[in-house]
Amino acid sequence: MASLDWPAADEFPVNYTGARVRAVVWNDLIKSESPLIVAGFSSIAKLVDLIADWDREPHAAQSKAAVLLGTEPFTSSRSSFASAEVTFTDEVRRYWLEEGVSLRLSAKVLQVLKVLDEGRLMVRFVDGSTRLHAKIYVGSDAATVGSSNFTDAGLSTQTEANTRFERRTDEGRYRGLVRIAENYWSVGQPWNDQFRELLLALLRFVPWQEALARACSDLLDGAWAERYLSSDSAGSRLWPSQMSGIAQALWIAENVGSVLVADATGSGKTRMGAHLVRAVRDRLWSTGRVRRDLTALVCPPSVANAWSREAVHCAVSISTVSHGLLSRPSEDGQRTEELAVRHAQILAVDECHNFLSRDANRTRQVRESLAEHVLLFTATPINRGPADLLQLVGLLGPDNFEDETLDVLEQLERRRGQNLELSSQQQEQLRREIQRFTVRRTKSMLNGMVDENPESYRHPVTERICRYPRHETRIYATGETGEDELTARKVREASAELTGVALLGRQLAVPPGLAHEYSDSRWLESRLAASRGLANHHVLTAMRSSKAALVEHVAGTEQAVKQCSIQTAFKPKPTGNMLDAILRLADEGPPEILLECEVPRWLTDVDEWRAACEQEAHRYRAILDAALLLSTAREHAKADLLTELSLKLERVLAFDRHLITLAAIEPLIEAGGTRVIVATGANKKNRKEVERVFAPDSNVPAIALCSDAMNEGLNLQGAAAMVHLDVPTTLRVAEQRVGRVDRMDSPYDAIEAWWPRDGVAFATRANDLLAARAEESTSLLGANLNVPNLAADRDDVVTIEKHITTLEASHEAWDGIRDALDPVRRLVEGPDALISRQVYEEHRTTTHRVLARISPVMSTTPWAFLAVTGAGHGAPRWIMLEGTGAQPIIGLENIVEPLREKLSDNPPSLPYDATCDEWLNRYLTAATHQERMLLPRRRLRALDQMSEVTRQWATDAIRRGDHEISERWRKIGTLAAPSSDEPQLTYTSWLSNGSRSSSRSLTPLSEKTDASATFDSDK
């Protein structure tokens, strides 16, 4: 356009290369003693800039400026019964609280407020049904009228048409235009007070405690996420804890990509999860990032209906896929469900701790999903230490982790096993990384949230306040006789001699992942010891459960049913029978040996192998002979406890891992009219019956004897007591069992949890606990897992009291892993809080809408803390800048401690002066250049890859002589890696330089006479 023939810019101000409307109009107005501006209300930010410049002119001290605001074409045309002033004010406030102004105008906002308070600025608006849409700019010597609104676009960038009349050369038209403007002004209504309130809402200077309180509240309370829940009709059904959990998960999804929701069992994760899926989907739609509107949920069959119901309530479509279906390979190619998992844009995985076996078909399919957001749900994600972390990384996506962490995880991958020796620094690094993905509130934290606002947790039917019931831990004697104790000692002695030949497998070889960590001889030694220890553990665990369980383990289900007179069918096919397994191994011959080390002869020689198997069978026969001498006193004691409990409590749950034990105890219960239901994973009819009878609104008396297949994903809070018939040796099992009844919507104020106190010969040893954890790790993580020496002499009895205490401590400690927002939470809660609870509550609950809060504070060095909202009403982000070089600090976990150090001495507030303004602008410029670092690491890696490949393609094009294509690739590459002087095009800007500042909570701290500044805002 610059090459075209244009009239003189001082007669017809337009925008094209080399000419701008602003250059003409701005100078006319600031040089005028009494400028009059008629413009739409979207011009307010630029008008602030203009009035501040005008006020610096010498003549302004004795002059007055006038601003007449009109409407915009995009405002609502709906009828309103409010006054014209209220309607106009509401429209303006909605627009500017949405749009925001640049924080670079901070000093100028203060200047305009001063001019307004001194009576040197008058603001009006035109009311009535006929709206004002004129654009007139009147100065003392010239007046301009035309299409240009007083905005950056109208004054500088858009194609506009305007005409300008000078008083000296065209006085007639100048006077006529002035008369028009003055006529409009004369019918305008005063708007000074409303204008002042608007400026204060856009930018307010406050103490640093208020600024930080609002910044923390934005993250912890998640008010920013309400727009993603308010549109669903079931939004009122969510508790505040679920609302804040969804907001936190959305924050993680936007900042990291994947989410691990690990709230305590019974916190309402299914309902929260369905609403979270809806919110993530709506967020994708609102930002235009929907690739395909496909959401897949992988969950156990037992909870599929619950998920479907919640999805219907919040109006989201979810393709549900069963854990079991993914586990079974298809002979006819990929199933539809498998395709849904692979191609879903959002993938949710419930009970994700069942996906820790990397070689399992279901785990592989989840890992290979192309989902942009993976949402994992479990109450117990980490039970076995570093091995769990390794598998969680695979589910969450390695691209989301730091390079240094990936180096540590690579070491774990090579050394997958229990004997991992990680330094304290490496362990802390893993904890911090997993924490970035985690939403995790303990039961005590959730109950604390209930205490803050009890009425919001009132149940709509029972009218009870929903909260976790008190735990009343009880211990019962298992009732073994003296003869049983002697017999149990014989069983222990015989099982201690087992070699574990049946557990060695048919091939002995060092797993590839451990080949560089273990020599062949060391691996063989470990494997033989592990087999001995696990064989002993299996025997003792079965004996601890019941006589029938022990007989079944040694001689098989059929023999146990016969010997123990069990009448009912309790499983679809027989199990156990170590005797038969060992005799088959004797006939099959020794295992394949792929080790280059000295191997015991009995592992290679057929005859000696057979002899070893026969000796092992002899040991099992001795165990069987002793087992048949055991009485059923222990089973009677457990049945008597259940009978006693059923007399005072309507519904009682009992768990044991052995199905045959449940069948043995059932006929011993003398419950009168109380129903006794045996519920296992295979018996779907009884499973559904237990769900019905143990629903929270049930009034049917019952006792449910449950296998551990029932301890996951079921809501059985109709029970007032839960009984461990055997001792849960791992945190996961203990947590899941009690989690069936320990739920926020329990109808009880307290629940009883009963634990068995076994006699000395039956009691759990320290080595039993180690073996249980190793066995669970083996089943979940695969055969490549190295198991420690379980045959070591650790025969010290673990009392049930000590065991309970250890499990409870493990639950609260969580291996040091907290949730992603814990660093922020500790700024306002706990003994080390920077802000008192009273101050935090005062500012977190304020209903006064302020777009930006700014707080200059005293500091000996320059620094800035900025909390900014994401693009398009997205999740807030924090960034800190330090020193004259504006060194950036990214990540909540990295920002909080330096921030705490700088504010711990309660620095005094300072007035916002020119020095503060200079540092604020410097830090905003630096933050704008660093905004790329606020992207999730996965996207940063993608951008790095994009930059690399486009550079290579540009080079290849040059070699072919295609310079045009090369230049195109080069320009595309700059989008991924812009230089410091190029615009940031990689993501929507959060720190806008212009009138569209999207700063939410800003805390720049400046230098000069130790001045600093803290900023917080709602935009």
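**Exercise 1. Classify the accessibility of W6 and Y16, then describe the geometry of their ring pair.**

Step 1. W6 has a relative accessibility of 29% and is therefore partly exposed. Buried denotes under 20% relative accessible area, exposed over 50%, and partly exposed the range in between, with a 1.4 Å probe and protein chains only.

Step 2. Y16, with a relative accessible area of 17%, is buried.

Step 3. The structure is a predicted model, in which local features need pLDDT of at least 70 and side-chain atom pairs count only at pLDDT 80 or more, while totals for chains, interfaces and linings use all residues. Residues are numbered from 1 along each chain as its sequence is written, and side-chain values use heavy atoms, with hydrogens and water left out.

Step 4. Rings of Phe, Tyr and Trp (its six-membered ring) pair if their centres lie within 6.5 Å; planes under 30 degrees apart count as stacked, over 60 as edge-to-face and the rest as tilted. By this rule the count comes to 16 aromatic pairs. For W6 and Y16 the centres are 4.8 Å apart and the planes stand at 10 degrees, so the pair is stacked.

**Exercise 2. Identify the rings over which the charged ends of R22 and R922 sit.**

Step 1. The criterion requires NZ of Lys or CZ of Arg within 6 Å of the ring centre and within 35 degrees of the ring normal.

Step 2. The charged end of R22 sits over the ring of W26, at 3.8 Å from its centre.

Step 3. For R922 the ring is that of W919, with the charged end 4.1 Å from the ring centre.

**Exercise 3. Give the strand order and edges of the sheet with mixed pairing.**

Step 1. Seven strands form this open sheet, in the order 6-5-4-1-2-3-7. Two strands pair if DSSP finds at least two bridges between them.

Step 2. Strand 6 (162-166) and strand 7 (189-190) are the edge strands, each pairing on one side only.

Step 3. Strand 1 and strand 4 (residues 136-138) pair in the antiparallel sense over three bridges. Here L36 has V138 in strand 4 as its bridge partner.

**Exercise 4. Describe the open sheet with parallel pairing.**

Step 1. Its six strands follow the order 11-10-12-13-9-14.

Step 2. Strand 11 (319-322) and strand 14 (438-439) stand at the edges with a single partner strand each, so one side of each is left without a neighbour in the sheet.

Step 3. Strand 10 (residues 295-299) and strand 12 (residues 346-350) run parallel and are joined by four bridges. A296 stands opposite L347 in strand 12.

**Exercise 5. State how many residues of helix 10 are buried, and describe what follows the helix.**

Step 1. Helix 10 is mostly covered, with 14 of its 18 residues buried.

Step 2. Just after helix 10, G288 takes a positive phi of about 70 degrees.

Key. Helices (H or I, at least four residues) and strands (E, at least two) are DSSP runs, numbered from the N terminus.
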